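Take a walk through this fold with the sequence at hand. The tour starts with ring contacts, then moves to the sheet and the helices.

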Amino acid sequence: MNLAIISDVFPPKCGGSGWSSFYLARAMQQHGHTVRVVVPRESDEFGQAEREYEGLPVTEFLYKAAKIPFVRNYSRNEQLYPRFAVFLEEFFTKHQISVAHGQHYLTIPPTVMAGERTGVATVATVRDYWSVCYWTTHLSGDKVCPGCSPVNRLKCLYHNQGSAGIIAAPASLYMASNLRLKQHWLARADRVLAVSNYIATKLKPFVDHQKLQVVPNFVDVEQLERIAAQPPTTLEATQPYLLYAGKLEANKGARLLLEVLRQVRPSLPTLVVGEGTLRDEMERAAAEEKLNFKLIGWVANEEVLRLMSRAEALLFPSLWPEPLSRVLLEAQGVGALVVAMNTGGTSDIIEDGDNGLLAQDVVGMSASLAAILSPEKAEMRQKLKAAARQTAQTQFSQEIVTKQVEQIYQEVASKTVQKPVND
């Protein structure tokens, strides 16, 4: 098939969404399909640019965007979508695209618009909460959002903008309109893929259940094992240790990590890999309370994988409803024992007592960690690590997930006929 992967961002400089798009594009190319990548890129001028990344042709659609809050969002959504859709129509026709796969909120609506006008089948992957949360976080302050009602939108304005949010209260009307627009076009895709069951529950109110399917992100298990086979270069990793790898932010559970260490007081040091606004606070806690952890700072992903594979346990205290954490997928791929908070899609990856440990609160996480570190649990730790690796191979490997996506492409391509556009 001739496939178009339409991604908000793409390597070499991007976050998890961009890397997931790259791995998908590369896997489909390896399966013999012709794959082209299209990326909208903010620029000082309108236009088009071409580049290549690891053998994949990448077309960049250049656009301008305002810098003022809310106006910026309008220029990157309501104004960008129709312009980008026209460009994609021409692109789909020129390259005889069979299936177009939108990857995020900048690209899914215009992909579906262009697909309806050209008869090209469209698939949309939802990796976070952009379709139900204007801020994409699904958080209201430091708690999971109770729902996007008019009152709750005003609260979120205050949480995210402070006193300026009160002045910007009329913007809540735009926020509601913007969400409806995104939901409208997402629901019109030929197939909607949620990366976890938790994400799927958020989409069910407005996406036809016959179109909705759970398909996770995947990892290249063989590549992870090759990387992890090399010894880490971090000096502190020469002795047994626990590991935390992630942003040092409240929503990622950095403060909860401190509380777990206070309650357990493990004899093993905890290596903390990452950066964030709570670093100074954590350094003070380590000094004042004599908590046994060492702040390493940022390290490259390959080094994180090597550290995970050798840690006695990876601590994952995230308070945010993780859609489907790539950290956890990679941890399982290298056979790490994960002790995690049960939020969002984490239970899709970890089954408590089978391939890791899940807790509902800080007390439960502390108890699980203390229990598994006891000397008599050495055999259990090895069993959990082996089960984690097996889960990665059977559920989240590139081979397994790519076949699922490939089948979906074939199904939507065979059923799609040109449809008139009424919007």
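How many aromatic pairs does the structure hold? The structure holds 19 aromatic pairs. Rings of Phe, Tyr and Trp (its six-membered ring) pair if their centres lie within 6.5 Å; planes under 30 degrees apart count as stacked, over 60 as edge-to-face and the rest as tilted.

A word on the source comes next. This is a predicted model, in which local features need pLDDT of at least 70 and side-chain atom pairs count only at pLDDT 80 or more, while totals for chains, interfaces and linings use all residues. Residues are numbered from 1 along each chain as its sequence is written, and side-chain values use heavy atoms, with hydrogens and water left out.

Back to the rings. Among the 19 aromatic pairs is one between Tyr129 and Tyr198: the ring centres are 6.2 Å apart and the planes stand at 85 degrees, so the pair is edge-to-face. Tyr129 lies in the loop between strand S6 (121-126) and strand S7 (139-140), and Tyr198 lies in helix H8 (residues 197-203), so the pair ties together parts that are 69 residues apart in sequence. Helices (H or I, at least four residues) and strands (E, at least two) are DSSP runs, numbered from the N terminus. Tyr129 is buried, at a relative accessible area of 1%. Tyr198 is partly exposed, at 22%. Here buried means under 20% relative accessible area, exposed over 50%, and partly exposed in between (1.4 Å probe, protein chains only).

Tyr134 and Tyr174 make another edge-to-face pair, with 6.1 Å from centre to centre and 80 degrees between the planes. This pair also links distant parts of the chain: Tyr134 sits in the loop between S6 and S7, Tyr174 in helix H7 (residues 171-187), 40 residues apart. Both Tyr134 and Tyr174 are buried. Elsewhere, Phe10, Trp19, Phe22, Tyr23 and Tyr53 form one aromatic cluster.

Now the sheet. Eight strands form an open sheet with mixed pairing, in the order S3-S4-S2-S1-S5-S6-S9-S10. Strand S3 (47-53) and strand S10 (212-214) stand at the edges with a single partner strand each, so one side of each has no neighbour in the sheet. From one strand to the next, the twist averages 25 degrees. That angle is taken between N-to-C directions on a scale from 0 to 180 degrees, with axes as lines fitted to C-alpha atoms (for helices, over the stretch in contact). Two strands pair if DSSP finds at least two bridges between them. Strands of a sheet pair through backbone hydrogen bonds, either parallel or antiparallel.

Where does strand S4 sit? Seven of the eight residues of S4 (residues 56-63) are buried, so this strand is largely enclosed by the rest of the structure. Strand S2 (residues 34-42) runs parallel to S4, joined by six bridges. Arg41 has Leu62 of S4 as its bridge partner. S3 and S4 run antiparallel, joined by seven bridges. Arg51 stands opposite Val58 in S4. S3 and S4 form a hairpin with two residues between them, and Glu54 in the turn has a positive phi of about 50 degrees. Further along the sheet, strand S1 (residues 2-6) and strand S5 (residues 99-102) pair in the parallel sense over four bridges. Ile6 has Gly102 in S5 as its bridge partner.

Helix H17 (residues 398-415) has 18 residues and reaches 26 Å from its first C-alpha to its last, close to the 26 Å expected at 1.5 Å a residue. The expected span is 1.5 Å times one less than the number of residues. Buried residues of H17 include Val401, Val405, Ile408 and Val412. Down the axis, the buried residues of H17 fall within an arc of 160 degrees, so they line one face of the helix. The arc is that of the directions from the helix axis to the C-beta atoms. The face of H17 turned away from the buried side carries exposed Glu399, Ser414 and Lys415.

In helix H9 (residues 221-228), Val221, Leu224, Ile227 and Ala228 are buried. They fall within an arc of 125 degrees seen down the axis of H9, so they line one face. On the other side of H9, Glu222 and Arg226 are exposed.

Last, the cysteines. The count of disulfides is zero, taking a disulfide as a pair of cysteine sulfur atoms within 2.5 Å. Cys133 is buried, at a relative accessible area of 6%. Cys148 is partly exposed, at 33%.
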